[in-house]
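Morning, everyone. Please have the sequence and the model open while I talk.

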Amino acid sequence: MIKKKRCVLVEKTKNQLSAKNETVTKVGPKGEFANSKLIDHSEKLKKRIVKITDGVYQVIGVGLANTTMIEGENGIIIVDTGDGIEEAEEHLEEFRKITDKPVSAIIYTHWHYTLGTRAYVPEGQEDSIEIWSHELVDNNFTANNAELKLTHTKKAYTQFGLFLPAKGPDAFPNLALGSYFIDYEKGKTRGYVKPNRTVSKACKTKIGGINVELIPATTDTNDGLIIWLPDKGVAINNVLWGVFPNIGALRGDTRDPKNWINSIKELHALKPTHMIGVHGVPIFGTEECEKAIEEYHDGMQFVYDQTVRGINLGLSPEDLVEFVKLPHHLRNSPILQPFYGEVENFVRGTYAYLIGWYGNDTATIHPVSKKVEAEKIIKGFGGLDKIINEVQTAYDENEFAWAAQLITYVLILIPNHKEACKLKALALRKLAETTPSSITRNFYLTQVFELEGKISPNVRVVKSDTLITMKPEALMHFLRVKLDPVKSENVTQVMRISLSDSRDEIGLQVRKGLAEVVDFNIDSITPDLALQTTGKDLARLLTTEISLKDALTLGNIKIIKGDKDKVVNFLALFDEIIISNN
């Protein structure tokens, strides 16, 4: 019989196999049961407008990121526009408490938080307002790794708690960088506008009559800009987040910590009087800025250097996690708290980035399958009942990580084993309650919801309105990696797709188990099949929002060359193309 632990208002919990770490949990204002420090962090993220210095204001607590306003001579400059038009309108409402000057320019610190620009730039007036960014922003926004779009999007949903309830024990306290990702009452309408002023290297310019220096920076993206206002001593940046950085991201991004560390040095060289981040709270005063920069730099440099030291000592990734520990003064730094990234994931991510997947044990080069391993482990414990009893004992003794790890062997062999699902969900929920990291908590609880049958592990989250913002050829890369090699083993065929709204000619060549993207604007290949549609209707087909049969019947997709059966057979070679709803 499964025994649950009752949640109380304040609880001390040992959350690892070693049973050494004690963490206090409590109930937050949304009824969430979580790490008390993570709940307390919400105070920093409350909605407000902050005056940084004369002519510079920042809105905090709306969405995941902050937005800054700089008063120019005849207008205002907006730095970052948020994750949707609704957020930008809320920002502007706050800024209108300060000034009624029109928006004269926009600056993107990086390609994230560019989706609210339509609130400031009406359709057809894209050239009326200066939009500044790094030269890579538009490419990153419109390409954005189409091949892994399905996985990255689902993991982003998981990271930002979008599968979790808004209230109750499983609600998230905050997202560490900001209060929330989506305000469900207001919605999130995408309103990206392409930059019309770009830079690739540091430059000095005047924007709205204000002296501005734009300095390239690489952090979690390769297209960042530090915005330096020399006359005001203000540095606007995506370098210092106010929490421990997310190197080794659970959602799968690869990040080089050395680039981030170098960007911290760029920020330090400015010797700012005030610093305002895309995330976190403003830092006022030269001494406080110096201290924050030094601690953030030293925290990242320490973890990187000690990880490399451990690698050179022959340690495996698992060994390194135990080996690399922040020293006391950095562990207690207010801006290095693990509410977002964690030291352990920084270490694992850095190892993978520098060394790859292999450690030092040659037994891992060609190991037995996970299924065989599970069979052997269960047999070694004396059978299924014995291992379930061992898991219950581990849970009762607060060894939640071990309980979750051990019960996974049962689920490898019997994925829907009810008692195993319940036990793993219980263990993961306890781990979620104690972790200080909002990301880790949301990943734990999302898997709990999967184990409890509240959401499907295969839930589809990529929608057509996301795909249509991508370059046309990116749609083909999205489709390319869905090819079934068995179905297409003996197929050699080319399909051209003409997009009537953009006049692009794109397509795929299937060749004995693989697919290659063809740009018919460049490549002189004769297609066997040809379709005509719009980017929107193609995106709807690729995201299962419409079946091929319905698209053909309604005229959303027209066959220009070939017949219906051949088109159906070709597209049926790919995963997640709905041929017919019948």
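First, the ground rules. This is a predicted model, so local features need pLDDT of at least 70 and side-chain atom pairs count only at pLDDT 80 or more, while totals for chains, interfaces and linings use all residues. Residues are numbered from 1 along each chain as its sequence is written, and side-chain values use heavy atoms, with hydrogens and water left out.

Start with the sheet. It is open, has seven strands, and runs β4-β5-β6-β7-β8-β9-β10 with mixed pairing. Strands here are DSSP runs of E, at least two residues, and helices are runs of H or I, at least four residues, numbered from the N terminus. Two strands pair if DSSP finds at least two bridges between them. The edges are β4 (48–53) and β10 (197–199), each pairing on one side only.

Now β5. In β6, the bridge partner of Val-59 is Thr-67. β4 and β5 run antiparallel, joined by five bridges. β5 and β6 also run antiparallel, with four bridges. Gly-55, in the hairpin of β4 and β5, takes a positive phi near 85°. Gly-61, in the hairpin of β5 and β6, has a positive phi near 90°.

Is β5 enclosed or open? Five of its five residues are buried, so β5 is largely enclosed by the rest of the structure. Buried means under 20% relative accessible area, exposed over 50%, and partly exposed in between, using a 1.4 Å probe and protein chains only. Val-56, Gln-58 and Ile-60 cover one side, Tyr-57 and Val-59 the other. In general, side chains in a regular strand alternate between the two faces of the sheet.

Further along, β8 (residues 103–107) and β9 (residues 130–134) run parallel, joined by three bridges. There, Ile-107 is paired with Trp-132 of β9.

Next, Ile-226. This residue sits in β13 (residues 224–229). At 0% relative accessibility, Ile-226 counts as buried. Its contacts beyond four places in sequence include Leu-214, Val-239 and Leu-270. Contact means heavy atoms within 4.5 Å.

Then helix α17 (residues 535–542). Six of its eight residues are buried, among them Leu-538 and Leu-541. Just after α17, Thr-544 takes a positive phi of about 65°.

Last, Ile-355. It lies in the loop between α9 (343–354) and α10 (370–381). Ile-355 is partly exposed, at 43% relative accessible area. That's my tour. Thanks.
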